[in-house]
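Me: Hi! Could you walk me through this structure? I'd like to start with some ground rules.

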Amino acid sequence: MFVRPALTARDRPCQCIGMRSATISARKMLGRKSVVVLPVHYPRELFTAMDVHTVELWGPPGPPRGPDAGRIQAYACAVVRNALAFLAAGGADAVDAALFPHTCDSIQGLATLAPDFGGWGKPALRYLHPKGGDGPAARAFVRAELVHLAGRLGELTGRPLEVPRLAAAIELHARIDRLRGALLSRRACLGMGDRALYRLLRRGEFLEPEDHLAELADAALGLGEERMQHGVPLMVSGYVPEPMTLFDVLASAGAFVVADDYAAVGRRVPPASLANDGDPIDTLAAKAFAMPPCPTRGGDQDARMEYLEFLYRRSGAAGLIVHVQKFCDPELFDVPAIRRRFARIGAPLLYLEGEMESSLSGRVITRLEAFVEMVDAGRKSP
Amino acid sequence: MIARRVRYEIVSRALGPMLMSMEGWRRRLQGRARGRPEGPFGPPLESTRKLKELTTLHYLAGRCADGAVPVAWVTSGFPVEMLRPLGFHTVYPENHGAICSVKRMVPGLSEAAEREGYSRDLCGYARADLGCVATGTTPVGRLPRPDLLCCCTNICQTVLYWYRALAAHFRVPLVVIDTPFVYGEARPHLLAYVSDQLRELTETAERVAGFKVDRAALAETMRLAREGTRLWGECLRAGRARPSPWTGFDSFFHLAPIVSMRGTRECNAYYHMLRDELNERIARGTGGIADERVRLLWDNLPIWFHLRDLSTVLARNGFNIVCTTYTNAWAEAGPMIDPADPEGSAARAYVHVLLNRDLPYRLSVLKQLCREYGAAGAIFHSDRSCKPYSIGQVDLKGRLASEEGVKGLLLEADHADPRAWSEAQAYNRLHAFMELFA
């Protein structure tokens, strides 16, 4: 039986990994399969349908540890360097396979480096999502990739994909998505602090979907009609909210996150529910094209800027924090366009660059505090 | 439109060639007056003059291409054959970035891009190009405005993000040919995906050009492209001779036509000429460097801004780069092109390029090149600007040493931006590496 860790646990990196390990161990005891998943986008429904537990690997934060840390140059992003060091050090040995979605050149490189040259000796699964448009070729390709991945999961579990189970998994994840979407879009009406909210949302990276759903449903009970957050409302955009102490700093400076565009969080919540009445594979393929814009999937840059402005205005945010990982090409190439767009609408913007640190530096804390102060002053001035 | 077209045709067919031949005469006269250059190199390749003419003419014609003919900005790995029968003038921002780097203009252009908000950690070619777009500064006079942007992810995904930014700037259609990474062999649905995209590309390109593609002309372009890559491969294989009639650094420059003029008669005529000259040098025993003692392989892009100095240091010590994985990449997939099946065969060829394949494949190419060219050592340019090429090099270097006995050096630099180059540190490492062969 799965034991849900207490929400009050501090999520420092090692403890966060501990929670993930505990979840995997619980699965193992039941004789079920687990897969470690690299960022960002993948069809989780397929894994649920095949009764395969997924545990995401975002780093982990902190400096890369172990002798394999130097196998990737320091000018590749910390997410990839840390992941190689972690996998090679046996950090994910408890799982049965690893999934490498084709997020960027660096994860693509890791997807051959670790399995082929050492660092990952178990099955390596890949999920190649299209990077171009959303035309018929791309849609047919997603469908074929899903079928292929289902086949690989079938080899792992020893049983084929059952269509009714996939339909049920899609429905289960749709409920999760709806709740995640509600918590994020009605953030101001939720009494929970940012740190607790993000801890809850990020527990979806490793919890069983049913357990995550139950936690989300509990939290959603706290959504009211009245505004419960009264600080400086900010929007965040970036790759992954690490270190999570970012939210503590914002809270102590009197701000809260009212809109989210993190690749790890908000960009994985579809804006609208999808019909689930046809072929479940088609539904899943359609979902890939219905997600919020994310540069890791390509797509039109203007469309992304429109979306970000929409998110900003809808949420009533008073400023934007762009929080990217150093050396992260997909995010970095969009930064000038974000700057231009938000300058045009007169929105204050703070640019932060991280390297999956375990804690924020004093300099970054000061910048965050000064930014919140400036945004607050701007709101109060006529 | 008609006046512009006439001007474009006059510049590209009459005025340009005339200016080039006048410039050729001037250089020849200067060359006679100066005599043969001294130094650690062999006599310069005669074909280099023609290469300069071709490149200059291409950029000269480009100055008046917009409004005259459809203009496409294309990535180096893009299946440009699809555009040729539609009369596109093609501009290669990567090739332009290399010229900017050789001319030492990248820091200025990059700073302009950085002022726009682009990070210094991004690809040097992209920064140079975006800086050029922002300022209009270019060493080639002027780049024509694109009507279509074409990028293919077979060399990296950086081009996708870069071209998205260009599309937002120029407000023109962007065609992405997404070539999913190949582990082992490409699966059928992957090839079908790429060939379907090529058909979608044709529709978009036809809309921009304003007319339908002539399938016979497309087949002929494919035939020329296959022939061009074959000729380029023959030029590269001349490096197997001892001494090698040229250096790998020469081949970086002579790569330009197969990248930017692939599928044209001019390109093939050029490589006929270069191949014949290389074969003559082999027959005469003329080497790319005066005294070739150690033969090396180069992995990754060149360090454009420092190529001359680096090649001089190596040549002075009797080291010759006889093969490179980078230039080889434009010769390896050509035989897959089939004029009878343009989309299907282009999908196969463009998916199976070096940078779109897994590390075991890259290791096999390294081993094969070292064996065939007799390379005793390898310089791995760890390129800050090119993550897909650089990730895995630490392991590749180790495996090449342990499995083939080929000594390796990891040399950290950048293909375009000299600000990422630490000369003292690099030469320390290079000299220590050369001592291994003493």
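Reply: A residue is buried if 20 or more other C-beta atoms, placed from the backbone, lie within 10 Å of its own, exposed if 12 or fewer, and partly exposed in between. Strands (E, at least two residues) and helices (H or I, at least four) are DSSP runs, numbered from the N terminus. This is a predicted model: local features need pLDDT of at least 70, side-chain atom pairs count only at pLDDT 80 or more, and totals for chains, interfaces and linings use all residues. Residues are numbered from 1 along each chain as its sequence is written, with chains lettered from A and ligands numbered from 1 in the order in which they are written.

Me: How many residues of strand 2 of chain A are buried?
Reply: 5 of its 5 residues (52-56). V52(A), T54(A) and E56(A) cover one side, with H53(A) and V55(A) on the other.

Me: Which way does strand 1 of chain A run against strand 2, parallel or antiparallel?
Reply: Parallel, with 5 bridges joining strand 1 (residues 33-37) of chain A to strand 2 of chain A. One bridge pairs V37(A) with E56(A).

Me: New topic: what is the strand order in the open sheet of chain B?
Reply: The order is 6-5-7-8, with parallel pairing of the 4 strands (two strands pair if DSSP finds at least two bridges between them). Strand 6 (319-324) and strand 8 (407-413) of chain B are at the edges with a single partner strand each, so one side of each has no neighbour in the sheet.

Me: And how many bridges join strand 7 to strand 8 of chain B?
Reply: 7 bridges. Among the partners, H381(B) is bridged to L411(B).
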